[in-house]
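Dear colleague,

Please find below the structure that I am handing over to you. My findings follow it.

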Amino acid sequence: MKILHLSDTHIGRSAKPQPGWSVEEIHLWAWDQAVAPAMRGEVDLVLHTGDVFDRSRPPAAAMAALALRLRELARRVPVVVLGGNHDRARLHRSLPMGVPNLYVVRGAQHLRVAGVRLACVNYLRCAQAWGLAATQAWGGGADFVLAHQAFDGARVPGFSFKAGRQRDTVGEAQLPVGAKWVLCGHIHPRQSLSLGAAQVVHPGSTAMTSMAEEGQAKGTVMWSLEREITWAYQDLPPLPAAGPPKLRVVERPRQLALI
Ligand SMILES: [Mn+2]
């Protein structure tokens, strides 16, 4: 089976709008590119590891645009969405309710979706609290841990996270015993790191959110669960210079023939 893992879509923000593109259009375009394999029916499960929106109270237009996309996506494939530090605890209020196949994590939860066991923990400010929540979400065992944290050894330009130095940086001691794969958001340059017996995999953000991210490859991670579990980064295509596809207002139906 295939799992599409994306993260940090920060709908509603961009530090560097390009000519012909608005801030919102860049992030929605990146979203559409990121989930394209799922829309084509090529994956069995989609996992989003947090910072869906850029703010905990997103603009109404951003919520509407994403609601439309999530409904379409969840019609094709189950979707699990985790809350990041930007979403805070309000994420479930910013996403459509009652959509079959759309799972929005509240706090810490153990989910079984598409036959995969997921230990899901929304962002927490305290690594110790994260450890307790993760152990609860782990339950009797899970295939993947879903997180939105910095883990010991994660890097951003000019800085390395170290457990014990920052209150919310998670160390090996806080991982549930037996955890092998951690699918993680929060760190925008894509990277993977080893933490004891576990591998922490960050797909990174889908579009630039600050100038510090200039030049970084943006994309998602595709997981493959066959005899063994493997994963690979997927690059998003570069932003088309021509700008986003525009919706056109049709005043009279017969004008359709002219488009
Ligand atoms: Mn983020």
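In what follows, contact means heavy atoms within 4.5 Å. The model is a predicted one.

I begin with helix H2, which covers residues 60-76. Its buried residues are Ala62, Ala65, Leu66, Ala67, Leu70, Leu73 and Ala74. The elements that cover these buried residues include H1, strand E2 (45-48), strand E3 (79-81) and strand E4 (102-104).

The axes of H1 and H2 come within 11 Å and cross at roughly 10°. Angles under 35 degrees count as roughly parallel, and H1 is therefore roughly parallel to H2. On the H1 side, the residues that meet H2 are Leu28, Trp31, Asp32, Val35, Ala38 and Met39. Their counterparts in H2 are Ala65, Leu66, Arg69, Leu70, Glu72, Leu73 and Arg76. By class, this contact has nine nonpolar and four charged residues, with no polar ones.

I turn next to the metal site. A manganese ion has as its protein donors Asp8 (OD), His10 (NE2), Asp51 (OD) and His188 (NE2). These donors lie 2.1 to 2.3 Å from the ion. Along the chain, the donors follow the spacing D-x1-H-x40-D-x136-H. Of these residues, Asp8 and His10 are both buried.

Yours sincerely

Note on methods
Residues numbered from 1 in each chain as written. Predicted model: local features only at pLDDT ≥ 70, side-chain atom pairs only at ≥ 80, totals over all residues. Heavy atoms only, no water. Axes fitted to C-alpha atoms, helices over the stretch in contact; angles between N-to-C directions. Helix = DSSP H or I, 4+ residues; strand = E, 2+ residues; numbered from the N terminus. Parallel < 35°, antiparallel > 145°, perpendicular 65-115°, else oblique. Nonpolar A, V, L, I, M, F, W, Y, C, P; charged D, E, K, R; others polar. Donors = N, O, S within 2.8 Å, 3.2 Å for Na, K, Ca; no water. Buried < 20%, exposed > 50% of the residue type's maximum accessible area, 1.4 Å probe, protein only.
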